[in-house]
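Hi,

Here is the structure I promised to pass on. Have a look, and my notes follow below.

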Amino acid sequence: MTPHDPEEARRRRTALAELLAANGDLTDPAWRTAFEKVPRHVFVPEIHTGPDEPPLTAVHADWLSLVYTDEALVTQLTDGVATSSSTAPGLMLAMLHALDVTDGLTVLEVATGTGYNAALLAARLGSANVTTIEVDPGLALLADVRLRACGQTPTVRTGDGRAGHAARAPYDRLIATCGFTAVPYPWVRQVRPGGLIVCPLGSGTARLVVGDDGTAAGQFLRTPSYFMGVRAADETGAAPYPGDPGTADERLTGLDPAVPAGSDSFPFLLSLALPGAATSTDLDDTGQVTGCRMWTADGSWARASTRTVRQAGPGRLWDVVEDAYDWWLCNGRPVRERFGATVTRAGTAVWLDRPDQPVPHVTYARTTAAHTPETTARTPHGSPERSC
């Protein structure tokens, strides 16, 4: 026990470990030992529950109980926008299990955040085998202080994790704990052949094996994942809905506006087809979905109702939704673990079941909607002319 780890915290941590083991999220005894050893509360001294609410800290009665739940916790706000969080332990463990580590392996972690995940890695593999990089200098400093308070000394560096950290390469494993729209190619060059990369893409996590040919490929985990997107040091996250500005195209649509937020496997596909897009639903008094709003950082936006859709900006977001939905239905409503990704110097390609079956609505270049405005009439979704 350390001065930072009172008996109540250890009791709650053990109880959470038992819950995660019962749920099938904590299956490796070595990871369980690390999980029961590392005090999450040291890395989450305050929890933000809303932009207008004061943070919860150790002086609040429910702070410790909230720390030791299987929940993602917002740990930093910048101008009212969440810019750092502690990932839900169940998801963290799913990704750590996917790393398939053994004693003596070296790991690069991208996005240090609070330092909690780096602490688990250090507890499992030893501090000398762990390197972690964080774009936010303030977060990197805090994480280093917290790690040292727990007796752990992994290499903590400040920088853009998209470039990796070549100074300590090659690594046996690489794990990212923020969201990406494509896997940065420098990672492939910094992980040895046969090594693994575990990276959130869209609302899923890809587990990739690095090959001798300078590529990496693998499939998505079954577990959904929702991470804050990778950002530069001066960025704070997604822009707010632009509010239907300018002149918009309007047409009929037969696609239910509830579809983008419906069955988990289709929103996963949509997160790949429209990376970085934000979505919001409109509800009536009974809680039924009556509309859907979507927007991207390039100024594209769409607002769909039960009959019509209005769109404007460089891309036509609802067109992408309709096309992707048709493809998803025609391919038997595939679940996320049927999807995979291949990373080459040219970019990241997503496929279904096999690398020679690319997903047509997902391209590396589309970091925002890449569809150009249509000048001809579009067949309304759901009409007999649309088929597989």
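R10 and E7 sit three residues apart in helix α1 (residues 7–22), about one turn of the helix; helices here are DSSP runs of H or I with at least four residues, strands runs of E with at least two, numbered from the N terminus. Their side chains meet in a salt bridge at 2.4 Å, N to O (a side-chain nitrogen of Lys or Arg within 4 Å of a carboxyl oxygen of Asp or Glu). R10 is partly exposed at 31% relative accessible area, and E7 is partly exposed at 48% (buried is under 20%, exposed over 50%, partly exposed in between, with a 1.4 Å probe and protein chains only).

This is a predicted model, so local features need pLDDT of at least 70 and side-chain atom pairs pLDDT 80 or more, while totals for chains, interfaces and linings use all residues. Residues are numbered from 1 along each chain as its sequence is written, and side-chain values use heavy atoms, leaving out hydrogens and water.

The salt bridge count comes to 18. R13 pairs with D5, closest N and O atoms 2.6 Å apart, and both are buried. R354 bridges to D356 at 2.9 Å; R354 is partly exposed at 43%, whereas D356 is exposed at 56%.

Then there's an open sheet of five strands, ordered β10-β14-β13-β12-β11 with antiparallel pairing (strands pair if DSSP finds at least two bridges between them). β10 (249–252) and β11 (278–283) are at the edges with a single partner strand each, so one side of each has no neighbour in the sheet.

Cheers
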